[in-house]
Amino acid sequence: MDPATAVRRRAVQAFAVLALLTQTGATAIPWMVDRDASRIEMSVRAFGGAHSGRFADWRGDIAFDPADPDRTRATVVVQSASLTMSPAVASGRATGPAFLDAARYPLIRFDLRALEPLGGDRYTARAEVTMKGVTRPVAFPVDLRVTGDRAHLAGAFILNRADFGIGTSGPWNRLVGQQVTVRVALQAHRA
């Protein structure tokens with residue numbers, strides 16, 4: 001099959017799926033993230049100690065139906081330059097050209113594709129993370145509590161920074177751990 005035919009076929013299939021979802025009412029309820037009560041943090045072992053940081057500038061869009069968590073979708077877009085670390089001197093290195101390269105890659109994107117129930121308030125989140133133009137899947141446990149019109153989600157996942165081409169060359173590479181832990185705590189209310 002030639003490339004043009006393949007593209008047309010995929011477009012028709014995508015349109016058919018969209019039409020089916022629209023006809024069956026398969027849309028989840030929109031929620032608004034309470035940014036003041038939420039946080040996105042990271043930590044990494046480096047230079048013989050643990051270093052943590054927090055992203056200050058980000059936005060999130062969530063569609064969630066507590067009665068049908070499989071339809072949950074969320075997108076969180078983070079400004080990579082907004083990372084502040086402890087100690088402060090690490091912030092410039094972390095957002096600089098050797099690591100996140102915030103000038104060339106200003107956005108980090110997290111796309112939640114599914115929440116799979118594990119029982120009670122526990123779920124497995126399946127998502128994709130995009131940094132420096134590279135997208136990788138992640139799956140991790142989360143706690144999700146819904147009380148009336150308020151929801152609180154907390155979870156953590158580990159990324160291998162080398163999978164995204166972060167800090168893979170130069171003198172700092174051997175002094176910084178490959179594994180980066182990302183912790184997310186989001187609070188939201190029905191829109």
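Modeller: I will start with Asp101, which lies in the loop between helix H2 (89–95) and strand E7 (107–119); helices (H or I, at least four residues) and strands (E, at least two) are DSSP runs numbered from the N terminus. Before going further, please note that this is a predicted model, in which local features need pLDDT of at least 70 and side-chain atom pairs count only at pLDDT 80 or more, while totals for chains, interfaces and linings use all residues. Residues are numbered from 1 along each chain as its sequence is written, and side-chain values use heavy atoms, with hydrogens and water left out.

Most residues other than glycine have a negative phi. Asp101 has a relative accessible area of 7%, so it is buried; the term buried means under 20% relative accessible area, exposed means over 50%, and partly exposed is in between, with a 1.4 Å probe and protein chains only. A second residue with this feature is Lys132, again not a glycine and with a positive phi of about 50°. Lys132 belongs to the loop between strand E8 (122–131) and E9, and its relative accessibility of 15% means that it counts as buried.

Val77, in strand E5, is buried at 9% relative accessibility, and its C-alpha atom is separated by 5.8 Å from that of Ile108, 31 residues apart along the chain. Apart from residues up to four places away in sequence, Val77 touches Trp58, Arg59, Leu107, Ile108 and Arg109, where contact means heavy atoms within 4.5 Å. Over the ring of Trp58 sits the charged end of Arg35, 5.0 Å from the ring centre; the rule asks that NZ of Lys or CZ of Arg be within 6 Å of the ring centre and within 35 degrees of the ring normal.

Asp143 is placed in strand E9 (residues 134–147) and, at 29% relative accessibility, is partly exposed. Its contacts, leaving aside neighbours within four places in sequence, are Asp121, Arg122, His152, Leu153 and Ala154, and the C-alpha atoms of Asp143 and Ala154, 11 residues apart along the chain, are separated by 5.3 Å. Asp70, by contrast, is found in the loop between E4 and E5, where it counts as partly exposed at 44% relative accessibility and, with neighbours within four places set aside, is in contact with Leu115, Glu116 and Pro117.

Aromatic rings make further links. Rings of Phe, Tyr and Trp (its six-membered ring) pair if their centres lie within 6.5 Å, with planes under 30 degrees apart counted as stacked, over 60 as edge-to-face and the rest as tilted; by this rule there are 4 aromatic pairs. One of them joins Trp31 and Phe64 in a tilted arrangement, 5.6 Å centre to centre and with 55° between the planes. Because Trp31 lies in strand E1 (residues 30–33) and Phe64 in the loop between strand E4 (58–63) and strand E5 (73–79), this pair ties together parts that are 33 residues apart in sequence. Trp31 is buried at 3% relative accessibility, and Phe64 is buried with a relative accessible area of 4%. Elsewhere, ring pairs link Phe110, Phe140 and Phe157 into a cluster.

For the chain as a whole, the secondary structure comes to 2 helices and 11 strands, and 39% of its 191 residues count as buried.
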